[in-house]
Amino acid sequence: MNDRVRQLRRESLDAVPSVSIERALLLTEFYRENEGRWPAPLMRAHAFHHLCTRKGLYLGEGELVVGERGPAPKATPTYPEITIHSAEDLEILSSRPLTNYHVDAADISRYADEVIPYWQGRTLRDRCLEALPEEWHEAYEAGVFTEFMEQRAPGHTVADGKIYRKGLVDFRAEIAAAIDALGDDPSPESRARREQLEAMDVAADAAIVYARRHADLAREKAVDEADPQRRAELERIAEVCERVPAHAPRDFHEALQAYWFYHLGVITELNGWDAFNPGHLDQHLGPFYDQGLADGSLTRERAKELLGCFFVKFNNHPAPPKVGVTAAESGTYTDFANINIGGLTREGEDAVNEVSYLLFEVIDEMHLLQPSNNLQLSAENPDDFLRAGLEVIRKGYGFPSVFNADAVVKELLRQGKTVEDAREGGTSGCVEAGAFGKEAYILTGYFNLPKLLELTLYNGVDPRTGKQLGLRTGEAADFETFDELHDAWRAQVDHFVEIKHRGNAIWERAYAESAQAPFLSIITDDCIASGRDYNAGGARYNTSYIQGVGIGSLTDSFSAIKHHVFDDGRWTLAELNEALAVDFEGHEALHKTLVNRTPKYGNDDDRADEIMVRCFETFFEAVDGRPNGRGGNYHIDMLPTTCHVYFGSVIGAMPDGRRAATPLSEGISPVQGADRKGPTAVFKSAAKMDHLRTGGTLLNQKFTPQILEGRPGIDLLVGLVRGYFGMDSHHVQFNVVRADTLRKAQLDPDSHRDLIVRVAGYSDYFCDISRELQDEIIERTEHEGF
Amino acid sequence: MTELDRLPQTEPAPSGVAVFNIQRCSIHDGPGIRTTVFIKGCPLRCDWCHNPESLDGSPEVAINKRQCTSCGACIEACPESNGDRPARGPDWDDGNCRRCGACAEVCPGEARELIGEARAVAELVAEIERDRPFFDASGGGVTFSGGEPLCYPTFLTGCLEACRERGLHTAVDTSGFASKKVVRDISRLADVLLYDIKHMDSEVHKKHTGVDNQPILDNLRTLSDENATVWIRFPLIPGFNDGDDNLDAMASFVGGLPNGYPIFVLPYHPTGIDKHRRLGKRPPDVDYRSPSDDDLVAVVERLRSHGLEVHTGGAYE
């Protein structure tokens, strides 16, 4: 890290996350003045243009890559068209101890006066919640599933390479050609397409204007700049911003700045999930890097400096805060932009290049929360590349996570993508596979698999509320075989997936009709060709996911019932239920037997793993292949982010010995502490799931630093990763930290503010996450010695 | 004739030998990721032994008192008990224990543990094969350790042949205290022998391990003559074998072998004490400590000064 990057990094770390009301004010002003003036897509596009033309600019001292979503680093806008923060929400955000966002008192009252009255009752969220049926609300409130789109727009997507080969001027020409091709067809469909295309054109112009305002600002600053070196830099920045994104970038610097303007456009237009993401950054930058070195315009050090400046930009952009949050629900600043390193080229060859290694160096030296990053490992990639990534992982920041690039391609092929589109794809967010630049792949919500076993044991009644929430599938005492019980659970799964599916359609339609994303549509194939929006099925591929949570806890609970009730007959299901109802109070021997004497998932024990497979298949069959409203299909993911903590909090004691309200197992990881045969057994168990029929699975492994010392430590990780991926599995991430250190950090957070740990699909500051999640991370099996 | 002749002729029972641990994902018992199979029974009585549960060739019941809740399930399950005993608690034992493990099977808190389970060759090899994806990815395989696996040449031969048929890489971790024929035969079936040198002085060796080192050193020379692949393992125990004389003698012996063998220095850790107690045995009356990092470096450097290839730990650094 040179002085410039060190300084920018320091400023980014010191910047206080805050809420900026600028976007909300501009948007409200625009809608008040123009309501009804244009059809919906054009309203959205002109609103975006209004923002790009008027929002305040920021160009910081020493910056080479420029542009902020808000008026300053970490100033985070709100999106009142989707959901409206109340004054109380803003006060909570500003005062809560964890993941706090500062809000000026004056801004809160201005928000209350000017923004809230206009949007209240007319936000997308308000309208959908009104339209959803009672059964949806009951299941949602009971914690059977969550809803992704209630506060943030569908996003989840990633840029491909076309933005480095074309500029917005070129895209505008394509848009114009598509409009021409519509001719003067008077049909409503044709008119809708024309409106959508015109919206894209307005959005393209908006981004060009926005970039050129930065060019003007840089020129102004250059005039006043005393330092000749900085003056030259500012003049260069002006030149770059004049060039991109209007035209294709010509060099490494322009390529980074071009991406960054697209990024800002996407996250200003809407608050889509996972922000936006440059995807295969090493592949995209590789040609610019080579050319720069060849013609002498770039050095390795200069490339690294530019990457450092670029990384700071991601860290300056915390996730937009949600509404209705309490102090306890802390959330995270991470916004899940997840850079892919390595993997395959479009032709299926090893994609690793010098920029891949540069990125590892930058990640290692910068040690930032954002951007997330991951290592895409194909059998085609060399071990040296894997080792370089593992050297960073071993240091324990939780970065990069590791993905099986070959499995990702197979997953996407199964879903019907072409092999080239699949190889140009990768993973984003936490672990989600997608065809970059060509797919709208929308996560719709987490699904609480163990909660449905609890409902099954109570004949559909939720023991927390006494309400008849699910189907009446029979009293526990009446199940005569394990298969009967499992079938009853299956019926509950089908029932609630159906409710979730119907609810999703309401959200989906709302976004398609009133929250278009014309700017994102420009750079997502084939929105221009089809004249349809990203949120309305315009992408080449349109996928929806429901994410299963808690398969480890579910498996172990089923296994305990099978083993102790139906096989051994030591207890009846009714007796077991009695112990569950009182959280095992007074049933210590039973509790210990459930914990210690049950075949558990994560030990390569077929007795448990076969149950896991059966549960997985049930969930898969309930979801996979259902049609969505955008011309695509539903698939499943197996990832929790932090939802296993919330989902656990709504479930009482479970037959695996888990106490009431404690976290569930996370991702496809075993129950915390249930795996006793070391990491290879965990990997073997996890690989029995058919990862290729998901769009992503998440497996966490925790090691102490000693295990990973020296050459044998790296050799171990190489063998584990290659062995696991050889079984067609999707992903693994490593937490390398001692439980001791984490406990110390709980006692003395101030001395451990920089401690970054892997949470679930992303890393976070340990001291910023909730106590429950901290405890859960400590409890995840730590492989001390084996 | 040596005291080797006094070795018990411990051929395996038809059901197999007592295996007390199958440790998966081992990275310090040979190359790559390995599964280490620990077999009970050892002719040596090293006073620093960290695996006291490996000494006796038959199963034993270990008791971890802290985990006992005095629930009485062990008494109910015991086939030797008539069930009317009032005594309860962790130490319950009426002296008639046949080491069947019925009590451990039912103990809810895992306070009771049966150490050593009879394993037949086919079953054991099937278990080993479970980690094949990781062996293949890392150049690993299986390591037979103990106890002393050479106590069971027929069983071990069966295992090694079955592994060879399946293409599994094999290592045998041995004290070398066995007949020349057994050592030779096994070395021809195993891909590598992990071979201990504990001390060069015959008397000291005998005092602290219970056996003479002469057959051990003779066997090693034979292996070298036959070009067997051997990794020499040196358990470094300060105060016992870290003296310069011993190090120099070992270096000169190893340097004088016809084959150049690497030496792996394994630092001693006092993990055996608590295990003795759980088995209801008194730990040996010795006071060894772990070597410091400086101790370790000094030993490694001294051995290297003799031109030997020396590593720290159980695998290539």
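Chain A and chain B bury about 2100 Å² between them, and 59% of that area is on carbon and sulfur atoms; buried area here is the accessible area (1.4 Å probe) that two parts lose on being put together, summed over both. The size of an interface is often given in this way, as the accessible area lost when the parts come together. This is a predicted model, in which local features need pLDDT of at least 70 and side-chain atom pairs count only at pLDDT 80 or more, while totals for chains, interfaces and linings use all residues. Residues are numbered from 1 along each chain as its sequence is written, chains are lettered from A and ligands numbered from 1 in the order in which they are written, and side-chain values use heavy atoms, with hydrogens and water left out.

**Where chain A meets chain B**

- Contact, meaning heavy atoms within 4.5 Å, involves 27 residues of chain A and 23 residues of chain B.
- Between chain A and chain B there are 4 salt bridges, a salt bridge being a side-chain nitrogen of Lys or Arg within 4 Å of a carboxyl oxygen of Asp or Glu.
- One salt bridge joins Asp604(A) to Arg130(B), with the closest N and O atoms 2.7 Å apart.
- On the side of chain A that touches chain B, helix H25 (588–596), helix H28 (678–687) and helix H29 (710–725) each supply at least two residues, and H29(A) gives the most, with 8 residues; helices (H or I, at least four residues) and strands (E, at least two) are DSSP runs, numbered from the N terminus.
- The residues on this side of chain A divide into 11 nonpolar, 6 polar and 10 charged, where Ala, Val, Leu, Ile, Met, Phe, Trp, Tyr, Cys and Pro count as nonpolar, Asp, Glu, Lys and Arg as charged, and the others, Gly among them, as polar.

**A sheet in chain A**

- An open sheet of 3 strands has the order S8-S11-S12 in chain A, with parallel pairing; two strands pair if DSSP finds at least two bridges between them.
- Its edge strands are S8 (439–448) and S12 (633–637) of chain A, each of which pairs on one side only.
- Strand S11 (residues 541–549) of chain A is joined to S12(A) by 5 bridges, and Ser544(A) has Tyr634(A) as its bridge partner in S12(A).
- Helix H19 (residues 449–457) of chain A lies across S8 and S11 of chain A and runs at about 35° to S8(A); axes are lines fitted to C-alpha atoms, for helices over the stretch in contact, and angles run from 0 to 180 degrees between N-to-C directions.
- Helix H20 (residues 482–514) of chain A packs on the sheet and touches S8, S11 and S12 of chain A, its direction making about 140° with that of S8(A).

**A sheet in chain B**

- In chain B, 9 strands form an open sheet in the order S5-S1-S2-S6-S7-S8-S9-S10-S11, with mixed pairing.
- Strand S5 (117–119) and strand S11 (310–312) of chain B each have a single partner strand, so one side of each is left without a neighbour in the sheet.
- Strand S10 (residues 263–267) of chain B pairs with S11(B) in the parallel sense over 3 bridges, and Phe264(B) stands opposite His311(B).

**Backbone details**

- Most residues other than glycine have a negative phi, and most peptide bonds are trans.
- A cis peptide bond joins Asp525(A) and Asp526(A), with omega about -5°, and Asp526(A) lies in the loop between helix H21 (518–522) and helix H22 (527–530) of chain A.
- The peptide bond from Gly146(B) to Gly147(B) is also cis, with omega near 15°.
- Asp274(A), in the loop between helix H12 (252–269) and helix H13 (281–295) of chain A, has a positive phi near 65°.
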